Structures are given as structure tokens and as C-alpha cells.
Amino acid sequence: MLARRTVLAGFVALALAPALSIAAELPDLKGRTVVIVTENAYPPLQFVDPKNGQAIGWEYDAMNEIAKRLNFKVEYQNTSWDAMIQAVSDGQYDIGMTGITIKDDRKEKVDFSDPYMRSQQLMLVRGDEKRFTDAKSFAALDNGLIGAQPGTSPFYTAVYEILDGNEQNPRIKLFETFGATVQALKAGDVDLVLTDSTAGEGYVKASGGSLKTIGEPLGTEDFGFIFKNGSDLVAPVNAAIAALKADGTLDSLNGKWFLDYKMGE
């Protein structure tokens, strides 16, 4: 990532003209209010700053920049993950953002933006964990427990790629939020949490050595914002995402939140 940012910096003059052209062509939403819902439980994508209680993160910065370029006002609201997709589908909110994996079955309920980030699922464990080192050795640990949110990609990966395909397997302990699964991991109530690499990196950095990731990645995921089916916001947001990619803004946010930011400092 550092190398890519350096290359972008070196070619900023060449990139400037097309980026400005894209920006000039972005739709103008004329100051309308857009209600955006999130969970605030996926650092560094979106979370509550422990220093001041403010909601911050990669997705907030990206969405605020999208709102600026498209000329709309943002109203942020908060809900749980298990309620989010249905709530957006029902039109309670205009956009949902919480590191949502783009999946075909979810497209039956909501429209997705183009991907704004690619992530991989990793195994998050306590820093002193030595009983297992990968998915196979965890599966062989009869009393090992996984913490997961129902209906999420990590839940299905745990069921079908690590365990036996039984969604009722008692080795999976369910929690309402991703943050709760991590707290259970720290407390020793579960032994493993599957996380996308973005959230996992944030938790490991903030843990002071009490958490680590192990094993090989268990899959690749593309993240997108979600909208009610047929929303007129999809095309403008896609245009803005393309502009943010073209002018290096998304790379800059990656540097800020995945390299520079130190949780709690």
C-alpha cells in the first residue's frame, strides 16, 4: 500500500486532469438530505472514538467527501447489523454503510454501490493463543468456540468453511454486534472471531498485543454501500466513488486509517 501511494504521488500531475474532468461531471443533488445508517462497530471503517465519543472512521470520511462532491446533506443514524439491510430495503434509511459484503442474495433486498474496498476474512484470536494456527487445527479443537453475528459473511464462513455445515452448531456463539464478539474473545468466552482484514487490523493495532490474526485468508470480499431497490442515489454515488478512486482520495484514506491512525492515542 505504501508503494502504491508513492506511485500515485509521483504521477499526481498526470492524474490531475482526468480527475478534475470526472469531478466536473458529477451530478448535483442540490442540497437534499440523505439519511445514512451505520453500526459504529467496525474500526477503522466506522466506530466511536474512545477519546471523545465521536463517531469517526474511513467510511465517514469517504461518505462526507461523497456528500460534498454530490452536494447533499448527510444525516447519520445508528442501528444494529441484523436490522440494517431490511431497514434500508424498507426505505427507513437512504444508505447503509458498515463494511457490507456485496452478495447476490442480498441484492434481492437492496441495491449495492460499486465496490469501494476489497477485504479478506482473517482469523482473530487472543495474542497468547497456541492451541491452533489455522482453520483446520481449529476445527480439530473439539471445545473451541467461534463468536459471530448471525447472517454475516464470517458466520457462514465459520459454518461452511471451518466447521461441519450445520448452522446450529453449538460451537458458534451468536452476538448482536461485531464489537461484542471481540469482547467475548478478549474475555475468553470464545476462542476465535472471523473478521474482514480491515476491522481485524484495527482491533489488533488497538489491542496492545492482546489480539492477533493467524492462518491464511479465508476469502475475498468486496464492500459496497446499500440502497433501497431502485434508489436514484446509486448512480450518483457510483460516479463519486469512481472520482475518489481516480484522484487518489481512497488511497489517501487507506493511508490515514490503516497506516497512520492509532486507536485510543
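Which residue in strand 3 does Ala 41 stand opposite?

A: Ala 41 stands opposite Phe 47 in strand 3. The model is a predicted one, in which local features need pLDDT of at least 70, side-chain atom pairs count only at pLDDT 80 or more, and totals for chains, interfaces and linings use all residues. Residues are numbered from 1 along each chain as its sequence is written, and side-chain values use heavy atoms, with hydrogens and water left out.

This pairing belongs to the contact of strand 2 with strand 3 (residues 46–48), where 2 bridges join the antiparallel strands; two strands pair if DSSP finds at least two bridges between them. The sheet around them is open and has 3 strands in the order 2-3-4, with antiparallel pairing. Strand 2 (41–42) and strand 4 (55–56) are its edges, and each has a single partner strand, so one side of each is left without a neighbour in the sheet.

The chain as a whole has 10 helices and 14 strands, which are DSSP runs numbered from the N terminus (helices H or I, at least four residues; strands E, at least two). Of its 265 residues, 48% count as buried (under 20% relative accessible area, with exposed over 50% and partly exposed in between; 1.4 Å probe, protein chains only).

Buried residues make up 5 of the 5 in strand 11, so the strand is largely enclosed by the rest of the structure. Both of its faces are covered: one side carries Leu 192, Leu 194 and Asp 196, the other Val 193 and Thr 195, and all are buried. Strand 8 (residues 117–126) runs antiparallel to strand 11 and is joined to it by 4 bridges; Val 193 of strand 11 has Leu 124 opposite. Strand 9 (residues 146–148), by contrast, runs parallel to strand 11, with 2 bridges between them, and the bridge partner of Ile 146 in strand 11 is Leu 192.

Just after helix 9, Gly 248 adopts a positive phi of about 85°.
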